[in-house]
Amino acid sequence: MIVNYIQNHLSESITLKQLAEHCDRHPNYISSLFKREKGMTIQQFIISERIKKAKYLIQNSSHLLVDIAHLCGFESQSYFTHQFKNKVGCTPQEYRNEFK
């Protein structure tokens, strides 16, 4: 239920409180259950899913990188670039250049 909600709301701000309300559970319960089941925090999962979506858009669209950042729920292009490089090992532009 949590994973589905996250995947359907990637372009929006997602908070633990929202997830807890969606599941009608306490935020601490949701957080610990998710960590136990997925082996990562909810925030780590959200970033991972956003990067996955960004990689797809970079490969399969001509959107500007700033637009991709916003479509994937990143508040700024610099934060997007930082998270992308941290997870993928290269910048979004370098990643796009690999597929030209």
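1. A word on terms before we start: two residues are in contact when heavy atoms of theirs lie within 4.5 Å. Leaving aside neighbours within four places in sequence, Cys90 is in contact with Phe84, Lys85, Tyr95 and Glu98.

2. Some background on what you are looking at: this is a predicted model, in which local features need pLDDT of at least 70 and side-chain atom pairs count only at pLDDT 80 or more, while totals for chains, interfaces and linings use all residues. Residues are numbered from 1 along each chain as its sequence is written, and side-chain values use heavy atoms, with hydrogens and water left out.

3. Now for the cysteines. Cys90 counts as buried because its relative accessibility is 9%; buried means under 20% relative accessible area, exposed over 50%, and partly exposed in between, with a 1.4 Å probe and protein chains only. Cys72, at 0%, is buried too, and so is Cys23, at 13%. How many disulfides does the structure hold? There are 0, a disulfide being a pair of cysteine sulfur atoms within 2.5 Å. For Cys72, the closest cysteine sulfur is that of Cys90, 15 Å away and so too far for a bond.

4. Helix α4 deserves a look. This helix covers residues 42-60, and its 19 residues should span 27 Å at 1.5 Å a residue, which agrees with the 27 Å between its end C-alpha atoms; the expected span is 1.5 Å times one less than the number of residues. Among its buried residues are Ile42, Phe45, Glu49, Arg50 and Leu57. The buried residues of α4 pack against α1, α2, α3, α5, α6 and α7.

5. On to the aromatic rings. The structure holds 6 aromatic pairs. One of them is edge-to-face, because the rings of Phe34 and Phe45 have centres 5.4 Å apart and planes at 65°; rings of Phe, Tyr and Trp (its six-membered ring) pair if their centres lie within 6.5 Å, with planes under 30 degrees apart stacked, over 60 edge-to-face and the rest tilted. Elsewhere, one aromatic cluster is formed by Phe74, Tyr79, Phe80, Phe84, Tyr95 and Phe99.

How values were computed: Helix = DSSP H or I, 4+ residues; strand = E, 2+ residues; numbered from the N terminus.
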